[in-house]
Amino acid sequence: AGGAAGPGSAARRRRRGRAMGAEAGGPRDTAPGQQLRALFYALPPGESSFRTVEEVPDYVEKSIPFFITFIGLEFAVSWIQKRKLPGRINDGISSLSLGILSRLPDVLFRSIELISYIHVWNNYRLFELPWDSPWTWYLTLLGVDFAYYCFHRMSHEVNILWAAHQVHHSSEDYNLFTALRQSVLQKYTSWMFNLPMALFIPPSVFAVHLQFNLLYQFWIHTEVITKLGPLEWILNTPSHHRVHHGRNPYCIDKNYGGALIIWDRIFGTFEAEDAKVVYGLTHPVNSFDPIMLQLRPLAHIWNTFWATPGFCNKLSVIFKGPGWGPGKPRLGLPEEIPVITGKEVPFNPPVPGYLNCYALVHFAVIVDLYTELLASVTILSQGTVLLRIGFIILSLASFGLLIENKSKAGILEIIRCLIFIGVYKLGYFRSQFSFLGYAYEV
């Protein structure tokens, strides 16, 4: 009823859907070893070239188990090296919440990056490079990474783009959780930087490298890896990317590369790691609420736009740097960047231990429901999908308030739990682990 189905029929339809997808040239399966190498951009052309976009595996979704494994490994190595964990529960939940939020639009719509690229390819391409040529593969590697460099640099130098990208920089920790802290809005501006490649590079090749470039950037968000010797000259490494995430004056607007650091060296935006990096925004947001973290920068631009006199100045609020003001240079004044003393204390409101445990357990439930949604979205009605997405957003907002120990968090959490019981009993939610159904209700 209403798009829900019993577990038996859902499983049968899922198996049937996979079989039909295989017959129709659907996404190919990848072996665990291939998936692991995809994380490090180490799948050669022979293993990652496909004739059509439909055949390209969803490398990002299939990397989720490896994300979890590497996060656990990072915790273990950090404890062995420094006798401390690489992050905090509240910041980790916030980062993962932002990561889930950023992926929810893809549940409903095909990636705008692929839609726009395929449109240009179908209607305006000048010529067609062979999809199975290693030369096409390596050219696309360079093209996607250079497009990312351009977009990433603009995201720091154009205020309206920074309003989306700043979400990724808002953590005051630096660990693999931070890699998953992504913006909902960023993809709706990044797509245009890839369009020149659509004039000659097949969409299937582009779709592979778009994912590889993103996956590569996961493992460089860590402090447990120091320097990588000669590779530091060519590749973007944890050391280089730590600088990019720093709010020390020497770190601002440096090291924009995705998989390669060569663009920063060519265009003068490279900076080697020197003094201890202090992470986060120059003006910390002091919140773990994922909705607020996504939207508050836009509200700030809106208010500044109307408060700034003069039409040209109003346009400058949108299109110049986030540090700009009337009478200042385009990117603001370097001397206005707050001085780093080394005694900065990350935002960490006091929360009872039981509340952290409660938020962690319930967040794990939402992660389970989210991954089940990804696995079954093709067999669910649109109404059921929207219901699940709405509940996930409500839950993530509630967890953000809980780990800040806000006064109204309890009321929202009671409402959330009552909604959960209702829709779970009606069959609109389903765990991947059926044996946990009763535990979830409790």
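Arg 125 is partly exposed, at a relative accessible area of 35% (buried means under 20%, exposed over 50% and partly exposed in between, with a 1.4 Å probe and protein chains only). The side chain of Arg 125 meets that of Glu 128 in a salt bridge, with an N to O distance of 3.7 Å (a side-chain nitrogen of Lys or Arg within 4 Å of a carboxyl oxygen of Asp or Glu). The model examined here is predicted, so local features need pLDDT of at least 70 and side-chain atom pairs count only at pLDDT 80 or more, while totals for chains, interfaces and linings use all residues. Residues are numbered from 1 along each chain as its sequence is written, and side-chain values use heavy atoms, with hydrogens and water left out.

Altogether, the structure holds 15 salt bridges. One of them joins the side chains of Asp 106 and Lys 187 at 3.0 Å, N to O. Asp 106 belongs to helix H5 (residues 89-108) and Lys 187 to helix H10, so this pair ties together parts 81 residues apart in sequence (helices are DSSP runs of H or I with at least four residues, strands are runs of E with at least two, and both are numbered from the N terminus). Of the two partners, Asp 106 is partly exposed, with a relative accessible area of 30%, whereas Lys 187 is buried at 16%.

A further salt bridge links Arg 242 and Glu 273 through their side chains, at 2.9 Å, N to O. Because Arg 242 sits in helix H12 (residues 238-244) and Glu 273 in the loop between helix H13 (262-267) and H14, the pair ties together parts 31 residues apart in sequence. Here Arg 242 is buried, with a relative accessible area of 5%, and Glu 273 is partly exposed at 24%. Elsewhere, Arg 88, Asp 91, Asp 173 and Arg 181 are linked in a salt-bridge network.

Turning to the surface, a nonpolar patch is formed by Ile 160, Leu 185, Tyr 188, Leu 295, Leu 298, Phe 311, Leu 315 and Phe 319, which together have about 720 Å² of accessible area. Helices H14 (290-307) and H15 (311-319) each supply at least two residues of this patch, and H15 gives the most, with 3 residues. Leu 185, by contrast, is found in the loop between helix H9 (176-179) and helix H10 (187-190).

Note on methods:
Patches are made of residues with over 30% relative accessible area and no salt bridge: like charges are joined within 9 Å, nonpolar side chains (Val, Leu, Ile, Met, Phe, Trp, Tyr) within 5 Å. Accessible areas come from the Shrake-Rupley method with a 1.4 Å probe; for residues, only the protein chains shown count as cover.
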